[in-house]
Structure formats: structure tokens, C-alpha cells
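Keep the sequence and the 3D view open, and take the points in order.

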Amino acid sequence: MVCMADCKPYSSLMAFKLASSPPNDDLPFSNPSLYRSIVGGLQYLTITRLDLAFAVNFACQYMHQPLVRHFVMVKRLLRYLKDTLGYGLQFSPGPLTLHAILDSDWVGDFLDRRSTTGLCVFLGPNLVTWSAKKQPTVARSSTKAEYRDWLKLLLS
């Protein structure tokens, strides 16, 4: 068992550049069930901690056969959590009314000329889901970009 209660906090979530690592980092992790248990628990945190979503998804990709370096990354993630305990979405009481906001930017990406659609759904004052996606086709006007958004929302 790994005790991380007294670990040093770490201010950075994960390294995006691969650094040279010790040779034993490429060995299989000795306790894969511990790895799965920790990463499985971290998946629940991504509901209120959107900053963890990418790193936890990356760790989930190695659940079947984690290496020592993957467990080192998970330990770094736990140290980051210790440093950022006050982060995350806060849920507050309020009226149970459902509100949705949908918008798109026309030709938001100048390279491929496609629009990006954004959606936020609130239950009372609390954000419950959100989405952002690049549209698959190029809209010839901002009206067409918005129309595609609303049509997609109504059909889903």
C-alpha cells in the first residue's frame, strides 16, 4: 500500500514533454490492482475537477498493464491534488430550473474555416454539463452555424 497523506504538494499536473527516465520505469508495475483502484477513484473527481480530465484519461489508457512510470505519474497527480484542494466546481442550493446556453463562433479556426460549438447546461445556479466541439462542415454564414447548433440540440 502507498501512503500519500504526508507527501509534498506539487503545483503542476503532468509533464507534457518526456524526460529521460531511470531504466526501471519501463518495468511492469508490481501491483496493477492498486493502480486500477487509485485511477478508478480519480475518475469520479473529474466530475467536479475539470482540470484533471486529461491527466486521468491518460492514466486510464494504461489500466490493463501499467508500468512503473505510469504509477509515478499517478503519484504526481495525487501530489497535485494535495496542492489544489480548494479547486473545482462548487454546488450551491437554488431553484431546480434547467437552463441551457448554446453558441458557436463562425469561422473560429482560420486554418480550416470551421466553427466551434459550445454548450453549457445549468440546474439552478450549478453547471451540470458542458461541451465544446468543432463543427464537421464549413458554414457559409453565422446564421447557418447557429442553425446547425440548435438543430443538433433538438435532435439529441
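Predicted model: local features only at pLDDT ≥ 70, side-chain atom pairs only at ≥ 80, totals over all residues.

1. Aspartate 51 has a relative accessibility of 31%. Buried means under 20% and exposed means over 50%, so aspartate 51 counts as partly exposed.

2. Now look at the partner of aspartate 51. The side chains of arginine 49 and aspartate 51 form a salt bridge, with N to O at 3.0 Å. The salt bridge count comes to one. The side chains of arginine 49 and aspartate 51 also make a polar contact, at 3.0 Å.

3. Is arginine 49 buried or exposed? Its relative accessible area is 5%, which is under the 20% cut-off, so arginine 49 is buried.

4. Where does arginine 49 sit? Arginine 49 lies in the loop between α1 and α2. Set aside its neighbours within four places in sequence. Arginine 49 is then in contact with Tyr80, Leu81, Thr84, Tyr87 and Gly88. Tyr80 and Leu81 are among the buried residues of α3.

5. Step back to the whole chain. It has four helices and three strands. From the N terminus on, the order is α-α-α-β-β-β-α. The chain has 156 residues, and 26% of them count as buried. Take contacts between residues at least 6 apart in sequence: 62% of these join residues at least 24 apart.

6. Check helix α1. It has 14 residues. At 1.5 Å a residue, α1 should span 20 Å; its end C-alpha atoms are 20 Å apart, so the two values agree. The buried residues in α1 are Leu34, Tyr35, Ile38, Val39, Gly40 and Leu42. They pack against α2 and α3.

7. Do the same for helix α3, residues 68-83. Its 16 residues should span 22 Å at 1.5 Å a residue. The end C-alpha atoms of α3 are 23 Å apart, which agrees. In α3, His70, Phe71, Met73, Val74, Arg76, Leu77, Tyr80 and Leu81 are buried. These buried residues pack against α1 (32-45) and α2 (53-60). An α-helix has 3.6 residues a turn, so residues three or four places apart point the same way.

8. Next, the core. In soluble globular proteins, nonpolar side chains tend to be buried together. Here the largest nonpolar core has 18 residues. Which of them touch the most other members? They are Tyr35, Leu42, Leu52, Val74 and Leu77. The elements giving two or more residues to this core are α1, α2 and α3. α3 gives the most, with six residues.

9. Leave out residues up to four places away in sequence. Leucine 52 then touches Leu13, Leu45, Thr46, Leu77, Tyr80 and Leu81. Tyr80 and Leu81 are also in contact with arginine 49.

10. Last, the cysteines. How many disulfides does the structure hold? The number is zero.

How values were computed. Residues numbered from 1 in each chain as written. Heavy atoms only, no water. Salt bridge = Lys/Arg side-chain N within 4 Å of Asp/Glu carboxyl O. Buried < 20%, exposed > 50% of the residue type's maximum accessible area, 1.4 Å probe, protein only. Expected span 1.5 Å × (residues − 1). Contact = heavy atoms within 4.5 Å. Polar contact = N/O pair within 3.5 Å; in protein donor to acceptor, adjacent residues only side chain to side chain. Disulfide = S-S within 2.5 Å. Core = buried A, V, L, I, M, F, W, Y, C linked by side-chain atoms within 4.5 Å.
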